[in-house]
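Take the sequence and the model shown here together.

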Amino acid sequence: MLVKTTEFITSATKPAHYPSGELPEIAFAGRSNVGKSSLINVLLNRKNLVRTSSTPGRTQLINFFGVNGAFMLVDLPGYGFAKVPLAVKKQWGPMMETYLSSRDNLRVVVLILDIRRVPTAEDRQMLEWLRAYSVPPLLVVTKCDKVSKNERARQAALIARTLEVEKEELHFFSALSKEGKDAIWVAIERLLAVSRDDEE
């Protein structure tokens, strides 16, 4: 994928605020501090299109970005961080489920996991929602430069077992080395192509 243009479109909390139009959407989801912003910035060749923060939980809206005038990249709120106010936490589930269940042009959700962590109940909930609403998940495991090869293998097996998926479904990524960037784009483009074929 050659990214030529990117632009912020809007932020939203409910369908009335979603951008109009039929451009396909690729959404990114994951726990706070999982490296979501870094992944998006590397994929788009931008240093700070999506702001990274030392305080997890800052992204509490659904943020839409246009890419190449061809599709939307959607940054979903991070979940699971203790310092986020309880009222915001309670809004997260309904806001996410409404988007996932009602957005007809959503083509794939990149579900991001930290190689050093065991998937949480929220991670499993997100995957269950995607399956329930027939949204293809793309599982990306970040921060792979922070563990040894042996530890990566052990953690990958644990992550796959916890989520009840095959290890081959995991895509490994490092924002530091850019490992996995091309493979993730290939997987995204393949899912977008499948969606187009289904429509035709």
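Two strands pair if DSSP finds at least two bridges between them. Helices (H or I, at least four residues) and strands (E, at least two) are DSSP runs, numbered from the N terminus. This is a predicted model, in which local features need pLDDT of at least 70, side-chain atom pairs count only at pLDDT 80 or more, and totals for chains, interfaces and linings use all residues. Residues are numbered from 1 along each chain as its sequence is written, and side-chain values use heavy atoms, with hydrogens and water left out.

Strand S2 (residues 25–30) pairs with strand S5 (residues 106–114) in the parallel sense over 6 bridges, and Glu-25 stands opposite Leu-106 there. S2 also runs parallel to strand S4 (residues 71–75), joined by 4 bridges; Ile-26 has Leu-73 as its bridge partner in S4.

In a regular strand the side chains alternate between the two faces of the sheet. From S2, Glu-25, Ala-27 and Ala-29 point one way and Ile-26, Phe-28 and Gly-30 the other. Buried means under 20% relative accessible area, exposed over 50%, and partly exposed in between (1.4 Å probe, protein chains only). Because 6 of the 6 residues of S2 are buried, the strand is largely enclosed by the rest of the structure.

A nonpolar core is a set of buried Ala, Val, Leu, Ile, Met, Phe, Trp, Tyr and Cys residues joined through side-chain atoms within 4.5 Å. The largest has 35 residues, and Ile-62, Tyr-99 and Met-126 have the most contacts inside it. Its largest share, 5 residues, comes from helix H2 (86–102).
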